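Here's a quick tour for anyone meeting this structure for the first time. Have a look at the sequence and the model, then read on.

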Amino acid sequence: MASIYSSSISSLSAKLTLTPPSNRHPRFCCSLGVAEPQAAISTEPLLLNAVRGKEVERPPVWLMRQAGRYMKSYQIICEKYPSFRERSENVDLVVEISLQPWKVFQPDGVILFSDILTPLSGMNIPFDIVKGKGPVIFDPVQTAADVEKVREFTPEESVPYVGEALTILRKEVNNEAAVLGFVGAPFTLASYVVEGGSSKHFSKIKRLAFSQPKVLHSLLQKFASSMAKYIQYQADKGAQAVQIFDSWATELSPVDFEEFSLPYLKLIVETVKRTHPNLPLILYASGSGGLIERLPLTGVDVVSLDWTVDIAEGRRRLGTDVAVQGNVDPGVLFGSKEFITERIKDTVRKAGKGKHILNLGHGIVVGTPEENVAHFFEVAKGLRY
Ligand code: CP3
């Protein structure tokens, strides 16, 4: 069969020899090159097979924030529908935007276009996402009385458009990729609703944590049970794996992570695994180098690392049970095509064979050239262990 992979990645065909084969560490005993594309052997998406530790010929690849922001086709939709809430709460727009990167790049994961804050209005926390400013919470939660007013989330009543969109996406993508749902983790959601929006020093949530911990714990508890329900709902409607974003957990020192984030992540995972034992859960926290050993304690299936960690070291520190996702610096996508190719190969080689989802270490940055994103996917999909 003629290779569909263009000459732009021909440099990859020179096979890389990695660490010498060893029976004790079979994960690190492969060569990496471009092989002939093969027909899918399994009916399950590659991403699910990789997470489950099945034999795969290459790492699956998708990019955080692949939908929206940098895509011209998204900006055209933004001109017509300037409100983020409308774009993310209208089924047709959600489906169209989620499918934009799928149609152009064919990633192995298709993430729902939505936001971690989307459930908030259904929890009686009014918010908006304002262009140039980011999230705005109109009445920040600061007291026990404010926490009282926060309602438990009922996804089927509050966000039926999410379920409908996931069901349509699942049909459209047809197992050629995995449909990915996501939620915000309790601490990260709490940081937005207590701070009133994005924050630099997280002083308000820390004031609450360190002076009225019980108040914060009752808010975190509400988010944990609500997000567990939300994950179950997304899975029932079509999501094949769900990523939990605890983007700001690493603002906590390890001892505070153990008090204000870890127990709630565990609670979510335990609750979801009771009803959906086979649903892969991915955990992302940016800047998590200091917390790596603690992240698998949550019980998730995959830990997503940012680029400040050497992925081979990260993998050793995570242990063998958990799969790893990441972790190319999003800034690499501003480099030359050759540089992008080298960094992909380096990351895949360091991550080792199997149980790896190739991704960036955080979301794609606005302004990233789409042709570089195309190159990233082309190279990544042409790799073979
Ligand atoms: O492609 C995808 O990854 C799916 C879509 C997605 C969005 N937000 C759409 C969005 C996802 C997965 C998120 C998650 C999210 N939202 C996180 C966790 C991931 C991370 O970056 O750590 C966080 C912290 C938020 C909160 C949020 N939403 C912020 C801080 C902002 C403004 C700043 C920014 O990053 O642009 C948003 C707005 C937002 N969410 C946009 C998009 C495409 C940009 C606004 C727009 O397009 O109008």
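## Ground rules

This is a predicted model, where local features need pLDDT of at least 70, side-chain atom pairs count only at pLDDT 80 or more, and totals for chains, interfaces and linings use all residues. Residues are numbered from 1 along each chain as its sequence is written, and side-chain values use heavy atoms, with hydrogens and water left out.

## Around the ligand

Start with the shell: 23 residues surround the ligand, and the closest are Arg 65, Tyr 74, Arg 87, Asp 115 and Ser 247. (Being near here takes a heavy atom within 4 Å.) Sorted by type, the shell has 13 nonpolar, 6 polar and 4 charged residues, with Gly counted as polar. Helix α3 (84–89) and strand β5 (134–137) each supply at least two of the shell residues; helices are DSSP runs of H or I with at least four residues, and strands are E runs of at least two.

Now for the polar contacts, meaning pairs of N or O atoms within 3.5 Å. A backbone N or O atom of Ala 67 lies 2.8 Å from an oxygen atom of the ligand, and for a backbone N or O atom of Gln 66 the distance to a ligand oxygen is 3.2 Å. On its own the ligand exposes 850 Å², and the protein buries 86% of that (Shrake-Rupley areas, 1.4 Å probe).

## Annotated stretches

The unreviewed UniProt entry carries the annotation "domain: Uroporphyrinogen decarboxylase (URO-D)" over residues 60–69 and 180–196; such annotations may be inferred rather than shown by experiment. Residues 60–69 are 0% helix and 0% strand, with end C-alpha atoms 22 Å apart. Residues 180–196 are 59% helix and 29% strand, and their end C-alpha atoms lie 28 Å apart.

## Backbone details

Gly 326 and Asn 327 are linked by a cis peptide bond, with omega near -10 degrees. Asn 327 belongs to strand β10 (residues 323–328).

Asn 174 isn't a glycine, yet its phi is positive, at about 55 degrees. You'll find Asn 174 in the loop between α7 (160–173) and β6 (178–184).

Technical notes: A polar contact is a pair of N or O atoms within 3.5 Å; within protein, one must be able to donate a hydrogen and the other to accept it, and residues adjacent in sequence count only if both atoms are side-chain atoms.
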